[in-house]
Amino acid sequence: MSDLSVFFAQNAETSTIEEVVVSERFKDREGVPVPWHLRSMTEEENEAVRKAVTKRVKGKGGSYTTEIDQNEYIAKLAVNSVVFPNLKDAELQQSYGVLGAESLLRKMLLPGEYANLLQKVQELNGFDKDMNELVDEVKN
């Protein structure tokens, strides 16, 4: 019989924070690229993000289905995982001429940088294994 106490909240690791250089373009005074601070989220936070990007769409015959905007889901997942820089800072958004953290990310990063950030955010939140890897793990 295993010890159930390992699953108690006080024994669980809290969110993981990692420093990642998202872009070589943002440098400190010494010319060193400044790392961004990324954190993992809880499933409760993920559910709120997913709910925020889910829309009801009217289909044929008047029935409704739900659709998740994948691009917005990933963008919101990234925004909620970025601790530093503070993407919700009004002054930072104003410097890029945008409103909203998702718009700020898209404006301040190059496409490759944005893709790398999204990949790191997904890894940090446990989305780094594809379904075949998970099936193989379950089999073993």
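How many helices and how many strands does the chain have? Let's count them together: there are six helices and five strands. Before we go on, please keep in mind that this is a predicted model.

Okay, so how are those pieces ordered? If you read along the sequence, the pattern goes β-β-α-β-β-α-β-α-α-α-α. So much for the list of parts; let's look at the chain as a whole. It has 140 residues, and 26% of them are buried. The accessible surface comes to about 10100 Å², and carbon and sulfur atoms account for 52% of that. Now take the contacts in the chain with a separation of 6 or more: 49% of them are between residues 24 or more positions apart.

Next up, the inside. A bit of background first: in soluble globular proteins, nonpolar side chains tend to be buried together. Here, the largest nonpolar core has 26 residues. Which of them touch the most other members? Those are Trp36, Leu38, Leu87, Leu105, Leu109 and Leu117. Strand S2, at 36-39, supplies at least two residues of this core, and so does each of H2, H4 (101-108) and H5. The largest share comes from H2, with six residues.

Now for helix packing, and H2 is in both of my examples. Two packed helices are described by the angle between their axes and the distance between the axes. Start with H2, residues 70-81, and H5, residues 111-124: they pack at an angle of about 75°, and their axes are 10 Å apart. H2 and H5 are therefore roughly perpendicular to each other. On the H2 side, the contact is made by Ile74, Ala75, Leu77, Ala78 and Ser81, and H5 brings Tyr114, Leu118, Val121 and Gln122. Sort those residues by class and you get seven nonpolar, two polar and no charged ones.

The other example is H2 with H4. Here the angle is about 90°, with the axes 9 Å apart. So H2 is roughly perpendicular to H4. H2 uses Asn71, Glu72, Ala75, Lys76, Ala78 and Val79, while H4 uses Ala101, Glu102, Leu105 and Arg106. What classes do the residues of this contact divide into? Five are nonpolar, one is polar and four are charged.

Last, two single residues. Gln122 lies in helix H5. Is Gln122 buried, exposed or partly exposed? Its relative accessibility is 26%, so Gln122 counts as partly exposed. Not counting residues up to four places away in sequence, Gln122 touches Ile74, Leu77, Phe127 and Asp128. With Leu77, Gln122 is 45 residues apart in sequence and 8.2 Å apart in space, going C-alpha to C-alpha.

And then there's Arg56, which sits in strand S3, residues 54-58. Buried or exposed, what would you say for Arg56? At 62% relative accessibility, and with the cut-off for exposed being over 50%, Arg56 counts as exposed. Leaving aside neighbours within four places in sequence, Arg56 is in contact with Tyr64, Thr65 and Thr66. Arg56 and Thr66 are 10 residues apart in sequence, with 4.5 Å from C-alpha to C-alpha.

Key
Residues numbered from 1 in each chain as written. Predicted model: local features only at pLDDT ≥ 70, side-chain atom pairs only at ≥ 80, totals over all residues. Heavy atoms only, no water. Axes fitted to C-alpha atoms, helices over the stretch in contact; angles between N-to-C directions. Helix = DSSP H or I, 4+ residues; strand = E, 2+ residues; numbered from the N terminus. Parallel < 35°, antiparallel > 145°, perpendicular 65-115°, else oblique. Contact = heavy atoms within 4.5 Å. Nonpolar A, V, L, I, M, F, W, Y, C, P; charged D, E, K, R; others polar. Buried < 20%, exposed > 50% of the residue type's maximum accessible area, 1.4 Å probe, protein only. Areas by Shrake-Rupley, 256 points an atom, 1.4 Å probe, with all protein chains shown as cover. Core = buried A, V, L, I, M, F, W, Y, C linked by side-chain atoms within 4.5 Å.
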